Amino acid sequence: MSALSMGATVLVSAAAGLFSLWFSRLPDIIERSGEQAARHGDAVQRIPLWTVVSAVTARCAWLLVPLVPQHLRRSLDRSLLRAGYPLGLSAEEVIVSGILCGLIGAIAGGLLAGRAVGAAVPGVLIGLLLCACAPVFKVQDAAIERVRALLRQLPAALEMIALCLQAGMDFNGALSNVASRMPAAHPLRFEFEHILHCLALGRSRAEALEEMARRVRSGEVERFAAGVILAGRKGAPLAETLSIQADVMRTRRSQAAEQAAARASLLMLGPLMLIFASVFVLLLGPFIIKALKGELV
């Protein structure tokens, strides 16, 4: 029996070694550049094991990603671009993470449901769906939070650019001056630096601003880009245009906050009515029961 166990151990170890050798020789299909490469480098410095995790997911991507529809990959690419590539992730790595998390969730859900209700299939399905979608939802949340952080700083940045223009600086110098005063990891700083990089490569201001609007996909950023482009074409004073845009953004933000507060007060009516109804039931319920039984004197 011991000899059989030793033989099985040797076979399993040999199979694991051969699989590891084969897996390590798989190609890495993920190519990173620009902000994605910078974020990946930061993640490697902050998380020591991130190099190993990234290498494993990159090789799993070579096996699993061809089975995923192209439209899903393109949608993830847009979401990651809008999110600023958290941890330097690529669409392939998010897909692989979803598949692996789905498998782990299915196993865990099946075990828990089997012990709780004696049926593993519902737990497998629920665990698979929830865990497989978790990485995609996380990327979408990161994209929303990045856009919010960008929009919070945008009005103040536009006013600073307007002040620099009024002081005699050109648009590129004002943009560079404002970007240099922002925190290194702030999304608006990256967007301004990307505009300057595009201008340094010989692209027009309109092209750089339109690309920023496509990346962020926010109404305020689109209006900012359109205003700067229109001011350049019509010869309007750019400083005045940016000041007006900053005031309009703050006004719209205040209006949005007031509307959100009004909606919140309306949404609170439903729970309050349920609370009052529960209180009335607790207070009047015993009397109603006694009246129905004829015990009320």
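Is Glu159 buried or exposed, or partly exposed? Glu159 is partly exposed, with a relative accessible area of 30%. On this scale, buried means under 20% relative accessible area, exposed means over 50%, and partly exposed is in between, using a 1.4 Å probe and protein chains only. I will come back to that residue.

First, the model. This is a predicted model, in which local features need pLDDT of at least 70 and side-chain atom pairs count only at pLDDT 80 or more, while totals for chains, interfaces and linings use all residues. Residues are numbered from 1 along each chain as its sequence is written, and side-chain values use heavy atoms, with hydrogens and water left out.

The term pLDDT is the predictor's confidence in each residue, from 0 to 100. The protein chain has a mean pLDDT of 79, and 86% of its residues reach 70 or more. Confidence is lowest in helix α1, residues 2-24, at a mean of 59. It is highest in helix α7, residues 171-180, at 88.

Next, the fold. The chain has 12 helices and 0 strands. Both are DSSP runs numbered from the N terminus: helices are H or I with at least four residues, strands are E with at least two. Of the 297 residues, 34% count as buried. Among contacts with a separation of 6 or more, 61% are between residues 24 or more positions apart, where contact means heavy atoms within 4.5 Å.

Now the salt bridges. Side chains of opposite charge can pair when their charged atoms come close. A salt bridge here is a side-chain nitrogen of Lys or Arg within 4 Å of a carboxyl oxygen of Asp or Glu. The whole structure has 8 of them.

Arg146 pairs with Glu191, with the closest N and O atoms 3.2 Å apart.

Through shared partners, salt bridges join Arg146, Glu191, Arg203, Glu207, Glu211 and Arg215 into one network.

Back to Glu159. Its salt bridge partner is Arg250, with the closest N and O atoms 2.7 Å apart. Glu159 is in helix α6 and Arg250 in helix α11 (residues 238-267), 91 residues apart. Arg250 counts as partly exposed, at 33% relative accessibility.

Last, the largest pocket. On a 1 Å grid over the protein atoms alone, a pocket is an open set of points where a 1.4 Å probe fits, with protein on both sides within 12 Å along at least five of seven lines; lining residues have an atom within 4 Å of a point. The largest pocket holds about 240 Å³ of space. Its lining has 15 residues, and Leu87, Leu89, Pro135, Lys138 and Val139 lie nearest the centre. Helices α3 (50-64), α5 (91-117) and α6 (120-166) each supply at least two lining residues. The largest share, 5 residues, comes from α6.

Note on methods. Points joined across faces, edges and corners; volume = space filled by probe spheres on them.
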